[in-house]
Amino acid sequence: MNSVVLVGRLTKDPELRYISGTGTAVANFTIAINRDYTKRDGTKETDFIPVQIMGKAAEFCANYITKGRLVAIQGSIRVDRYETQTGENRTFTKVSSRSIKPLDYVKNDNSNVDTSPSFEPAEGLDPNGFTAIDDEDIPF
């Protein structure tokens, strides 16, 4: 099973693009996560995790999630392999996210009410958020 849940802060605003041909939205961003332990000098180390999210969730990110927001994401670890122009093989590890939820809130000017929406998988999916897709829907 390949499943991950992460909580961290966005290091910059999500970058939204659309896949040519299908028009599927894709958002890329990085979250910063502090490690659980403190070093001898009292500092904490931070991991920077690249995240990719597709579809309506990507458009949600572009519209509502900004740099510095605390979010929870659910998805899976993905390792992409590619070859450079010089013939060198490389790998790139990222989280392919299915859902995202803001954990901090944006105050309305007149109240302390949380006005932040969240994005969860659509109704009718199994409890883990998995859906079957055709090979033609995969962007690579």
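How many bridges join strand β1 to strand β3, and in which sense do the two strands run? The views below take up this pairing and its surroundings.

This is a predicted model, in which local features need pLDDT of at least 70, side-chain atom pairs count only at pLDDT 80 or more, and totals for chains, interfaces and linings use all residues. Residues are numbered from 1 along each chain as its sequence is written, and side-chain values use heavy atoms, with hydrogens and water left out.

**View 1. Strand β1 against strand β3.** Two bridges join β1 (residues 4-10) to β3 (residues 25-38). The two strands run antiparallel. L10 has I31 of β3 as its bridge partner. Helices (H or I, at least four residues) and strands (E, at least two) are DSSP runs, numbered from the N terminus. Two strands pair if DSSP finds at least two bridges between them.

**View 2. The hairpin of β2 and β3.** β2 (residues 15-18) pairs with β3 over four bridges, in the antiparallel sense. L16 stands opposite A27 of β3. Six residues lie between the two strands. In the turn, G21 has a positive phi of about 95°.

**View 3. The hairpin of β3 and β4.** Here 10 bridges pair β3 with β4 (residues 44-54), again antiparallel. N34 stands opposite T46 of β4. Five residues separate the strands, and G42 in the turn has a positive phi of about 90°.

**View 4. The largest nonpolar core.** This core holds 19 residues. A nonpolar core is a set of buried Ala, Val, Leu, Ile, Met, Phe, Trp, Tyr and Cys residues joined through side-chain atoms within 4.5 Å. F29, I31, I53, I73 and I100 touch the most other members. Two or more residues each come from β1, β3, β4, α1 (56-64), β5 (70-83) and β6 (89-102). β3 gives the most, with five residues. Leaving out residues up to four places away in sequence, F29 touches L10, K12, P14, I49, P50, V51, I53, C61 and I100. Contact means heavy atoms within 4.5 Å.

**View 5. The two sides of helix α1.** A57, A58, F60 and C61 are the buried residues of α1. Seen down the helix axis, they fall within an arc of 155°, so they line one face of α1. The arc is that of the directions from the helix axis to the C-beta atoms. These buried residues pack against β2, β3, β4 and β6. On the other side, K56 and N63 are exposed. Buried means under 20% relative accessible area, exposed over 50%, and partly exposed in between (1.4 Å probe, protein chains only).
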